[in-house]
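I opened this notebook to keep track of what I looked up, one entry at a time. The entries follow the order in which I went through the model.

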Amino acid sequence: MKQPIFKFFTSPRNLYIIGFIIIVGLSFSEVFRGRQNTFRIFYESTRLFWDGIVPYGDTWKLMASGLDNFIYGPVFNVFFTPFAFLPEWLSPYVWNIFNYTLYFLAIFTLPNKYTLEEKCKTFLFTFLILATTQLAFQYNPTIAYLFVFAFSLLERNKPFWAIMLILFSGFTKIYGIFQLGLLVCYPKFWRNILYVAIGCVFFFFLPAINVKIGNIFSYYQNWVDMLVNHQDTRTWDTFFYIQPWGNITSIRMYIQIGTLLALVSLLFVNHKKFKSFEFRAQVPGILMGWLILFSNVAEKHTYVIALLGYMLWYWSMPYLNSSSTTKLLDKILFYAAFFIMVIVPIDILCPPFIMRFLFYKLSLNLWLFTFIWFRMCFVTFIKDFLPYQRRVVLTLTMRHPK
């Protein structure tokens with residue numbers, strides 16, 4: 001009995017069909033009840049863009065009454081154009097199916113160092129949180145799969161297209177721009193920096209297809225101002241709102257800069273590992289976790305990005321096929337993350353009052369992922385380095401005894 005079930009759930013075709021049906025069903029449930037508000041934000045902002053109206057600030061509040069702020073870059077409106085001009089009854093379905101399909105492809109086109117079984121498990125691990133964010137028609141799946149596609153392209157020695165995806169992500173929702181740090185792990189760094197410069201110019205001026213060149217800078221300034229104002233509009237699911245100390249946003253910037261500088265330092269300290277596929281796979285996973293955990297704004301379903309990164313990291317660990325206490329700890333964290341961060345936020349699987357207690361009173365989700373993230377950093381950057389230092393000290397002591 002176990003073998004047929006295992007075979008069924010390790011078939012990409014079966015998984016895609018099941019997921020497709022669920023995503024379409026969820027999309028229908030929200031559209032039917034008129035609850036596709038996030039999609040309406042994307043839709044209305046893109047229409048305003050093509051009407052020559054800046055979709056930020058007071059103009060947005062006046063033109064889009066009742067909708068939350070539009071917080072994406074002007075490049076997003078160019079990208080979203082095909083969806084904004086489809087029939088309004090059809091467009092939400094196409095948007096969700098489009099993102100679901102590319103998310104699926106991103107996982108199943110990962111380098112072959114990841115086995116088919118690991119790719120299937122990655123999809124299954126993240127599917128429920130993916131479905132949750134697609135229930136709200138969010139952009140989070142797009143950011144997640146752009147990270148993975150860019151990593152796969154870098155591994156296939158196609159840096160130009162990887163960089164273009166990274167920049168596209170950054171020019172629409174900031175997050176992706178940090179993936180440029182991975183370029184130090186790959187050959188021909190300065191050539192890749194030239195690609196970055198070309199890509200930045202292209203994407204920066206892309207909105208000029210409907211915005212006067214002289215207004216481009218002010219257009220981007222409006223976007224930045226919206227991002228700055230938006231971060232303090234509510235309580236978010238990030239490290240800066242973790243209980244029991246509560247809101248620590250007053251020192252948010254220092255923590256962000258400090259942790260980012262620490263990551264950069266650890267990356268260069270481990271430069272000898274750049275030739276290792278496992279290391280190169282773990283670094284984007286850690287970065288995807290950092291972007292969400294230490295973000296200015298993130299919600300429960302935004303963690304689809306962080307958890308997909310965690311899967312990149314988890315399946316790249318060579319000791320997972322061995323028996324050890326280290327493996328046991330990571331297995332426990334694996335299932336804890338699935339239960340707490342994927343199952344608990346879903347109303348039909350966990351009573352909402354339990355979720356509110358665990359998340360808002362105890363911050364269990366934030367504590368758990370904080371521990372996971374620091375463990376990821378320790379295993380990737382520090383674990384192998386510390387024994388090496390002890391061996392050096394021991395060797396020097398033996399050579400030069402007192």
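**Entry 1: helices H12 and H17**

I began with a helix contact in this predicted model, where Leu 263, Leu 266 and Leu 267 of H12 meet Trp 373, Cys 377, Phe 381 and Ile 382 of H17. Sorted by class, I found seven nonpolar residues in the contact of H12 with H17, with no polar and no charged ones. I then looked up the axes of H12, which spans residues 252-269, and H17, and noted that they come within 10 Å and cross at roughly 25°. Since angles under 35 degrees count as roughly parallel, I wrote down H12 and H17 as roughly parallel to each other.

**Entry 2: helices H3 and H5**

How do H3 and H5 pack, and at what angle? I noted an angle of about 105°, with the axes 8 Å apart, and this makes H3 roughly perpendicular to H5. By class, the contact of H3 with H5 has eleven nonpolar, four polar and one charged residues.

**Entry 3: aromatic pairs**

I searched the whole structure for aromatic pairs and the count came to 74. In one of these pairs, the ring centres of Phe 42 and Phe 80 are 5.7 Å apart and the planes stand at 65°, so I recorded the pair as edge-to-face. Because Phe 42 lies in H3 (residues 37-50) and Phe 80 in H5 (residues 74-84), the pair ties together parts that are 38 residues apart in sequence. Are the two residues buried or exposed? Phe 42 counts as buried at 1% relative accessibility, and Phe 80 is buried as well, at 0%.

I looked up another edge-to-face pair, Tyr 303 and Phe 369, with 5.7 Å from centre to centre and 80° between the planes. Tyr 303 sits in helix H14 (residues 303-314) and Phe 369 in H17 (residues 364-382), and the pair links these distant parts of the chain, 66 residues apart. Tyr 303 is buried, with a relative accessible area of 2%, and Phe 369 is buried, with 0%.

Leaving aside neighbours within four places in sequence, Trp 95 is in contact with residues including Phe 39, Phe 42, Phe 80, Phe 137 and Thr 142.

Thr 172, in helix H9 (residues 159-173), counts as buried at 0% relative accessibility. Beyond residues up to four places away in sequence, Thr 172 touches Tyr 72, Gly 73, Val 75, Phe 76, Tyr 139, Ile 143 and Trp 223.

**Entry 4: backbone details in the loops**

I kept in mind that most residues other than glycine have a negative phi, and that most peptide bonds are trans. Asn 157 has a positive phi, near 60°, in the loop between H8 and H9, and is exposed, with a relative accessible area of 57%. Lys 188 has a positive phi too, near 55°, in the loop between H9 and H10, and is exposed at 58%. Finally, I found a cis peptide bond joining Gln 243 and Pro 244, with omega about 10°, and placed Pro 244 in the loop between H11 and H12.

Technical notes: Residues numbered from 1 in each chain as written. Predicted model: local features only at pLDDT ≥ 70, side-chain atom pairs only at ≥ 80, totals over all residues. Heavy atoms only, no water. Phe/Tyr/Trp six-rings, centres within 6.5 Å; stacked < 30°, edge-to-face > 60°. Helix = DSSP H or I, 4+ residues; strand = E, 2+ residues; numbered from the N terminus. Buried < 20%, exposed > 50% of the residue type's maximum accessible area, 1.4 Å probe, protein only. Contact = heavy atoms within 4.5 Å. Axes fitted to C-alpha atoms, helices over the stretch in contact; angles between N-to-C directions. Parallel < 35°, antiparallel > 145°, perpendicular 65-115°, else oblique. Nonpolar A, V, L, I, M, F, W, Y, C, P; charged D, E, K, R; others polar.
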